[in-house]
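User: I would like to learn how to read a protein model. Can you take me through it feature by feature?

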Amino acid sequence: MLRDPVSRYLSEWKHVQRGATWKTALHMCDGRSPTQDELPTCYSGDDWSGVTLTEFMNCPSNLANNRQVRMLADLSLVGCYNLSSMNESQRNHILLSSAMSNLKNMAFYGLTEFQRKTQYLFERTFSLRFISAFMQINSTRAANVDLSEPVRRRIEELNYLDVQLYEYAKDLFLQRFQFTRQREHQEVRLKRREERRWLREQKEQGRPWPAKHRGGGNGGGRREGGLEKGTDGDFPTTTEDYTSQVARW
């Protein structure tokens, strides 16, 4: 699951502000953890409770920055956490390309801002059905943060790799969704065509129709039409309210 980078960053800040830490994370890469020089901590003491957003943004080694790209990319391509292995521009290009490639090769991924479409794609990809519909919850801690325009731009600058990844991910996600819907509709049309052909053959051969087909070809067509509407009804077109909130920032 990917998320709008600004929302995700604010959510992590709020999480850390309440006392969350990743002390037990080993950050293993190429068989070892990073040294203290490679990955210095942003705070002293047991945790970073009460950290302000400004303090959170000002730590250069904060792993919240571009977290989605880093977690999707192959870090061994850039020397793991050793920033001296290559220049920053080259490192960032390799990380973003790796993250995009790995994401594209995944059979499925979802977006927090598109819950219903995420459910639809998951169910069609893996031929599984959830017992209840996904809900688009808009009232999150991140959504309730009052951001000024300069602060929002600063967060985007700190996460500019994540911003590019998310735009790529959203475009690919919507392409997959549209392709899956078109394929599903095509399968429904083919099924209706096959049933009409079967009914014509039965009529031409003078065979009695099974009970479910009595009432003529139009009845069968109506039933298939109902099936198609029913399929759409399970996944109605929804207004992605969360996306509009993100845009408002």
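Predicted model: local features only at pLDDT ≥ 70, side-chain atom pairs only at ≥ 80, totals over all residues.

User: Let's start with a helix. How many residues does α7 have, and what distance does it reach?

Analyst: Compare the end-to-end distance with the expected one. Helix α7 covers residues 160–204, which is 45 residues. From first C-alpha to last, α7 reaches 66 Å. That is close to the 66 Å expected at 1.5 Å a residue.

User: Which residue just after α7 takes a positive phi?

Analyst: That is glycine 206, with a phi of about 70°.

User: Now charges. How many salt bridges does the structure hold?

Analyst: There are 11. Start with helix α6. An α-helix has 3.6 residues a turn, so residues three or four places apart point the same way. Arginine 152 and glutamate 149 are 3 residues apart in α6, about one turn. Their side chains meet in a salt bridge at 2.0 Å, N to O. Glutamate 156 and arginine 152 are 4 residues apart in α6, again about one turn. Those two side chains also form a salt bridge, at 2.6 Å. Shared partners join Glu149, Arg152, Arg153 and Glu156 into one network.

User: Why does arginine 152 count as buried?

Analyst: Look at the relative accessible area. Under 20% is buried, over 50% is exposed, and in between is partly exposed. Arginine 152 is at 15%, so it counts as buried. Glutamate 149 is at 34%, so it counts as partly exposed. Glutamate 156 is partly exposed too, with 29%.

User: Where is there a salt bridge with both partners buried?

Analyst: Look at arginine 124 and glutamate 123. Their closest N and O atoms are 3.6 Å apart, and they form a salt bridge. Both residues are buried.

User: What about aspartate 162: which side chain of opposite charge is nearest?

Analyst: Check the distance against the cut-off. A salt bridge needs the nitrogen within 4 Å of the carboxyl oxygen. For aspartate 162, in helix α7, the nearest side chain of opposite charge is arginine 8, 4.4 Å away. Aspartate 162 is buried yet has no salt bridge. Aspartate 162 still has contacts beyond its sequence neighbours: Pro5, Arg8, Asn66, Arg67, Gln68 and Val69.

User: Next, the inside. Which residues of the largest nonpolar core touch the most other members?

Analyst: The general idea comes first. In soluble globular proteins, nonpolar side chains tend to be buried together. Here the largest core has 29 residues. Leu2, Val69, Leu103, Tyr109, Leu111 and Leu165 touch the most other members. Helices α3, α4, α5 and α7 each supply at least two residues of this core. The most come from α7, with 7 residues. Take tyrosine 109 as a case: beyond four places in sequence, its contacts are Leu2, Leu103, Ala169, Leu172, Phe173 and Arg176. There is also a second, separate core of 17 residues, including Trp13, Leu53, Ala142 and Ile155.

User: Last one: where is phenylalanine 134 found, and what does it touch?

Analyst: Phenylalanine 134 is in the loop between α5 and α6. Phenylalanine 134 and arginine 116 are 18 residues apart in sequence, and 5.8 Å apart C-alpha to C-alpha. Leaving out residues up to four places away, phenylalanine 134 touches Gln115, Arg116, Thr118 and Gln119. Its relative accessibility is 23%, so phenylalanine 134 counts as partly exposed.

Notes: Residues numbered from 1 in each chain as written. Heavy atoms only, no water. Expected span 1.5 Å × (residues − 1). Buried < 20%, exposed > 50% of the residue type's maximum accessible area, 1.4 Å probe, protein only. Lys, Arg positive; Asp, Glu negative; His and termini not counted. Contact = heavy atoms within 4.5 Å. Core = buried A, V, L, I, M, F, W, Y, C linked by side-chain atoms within 4.5 Å.
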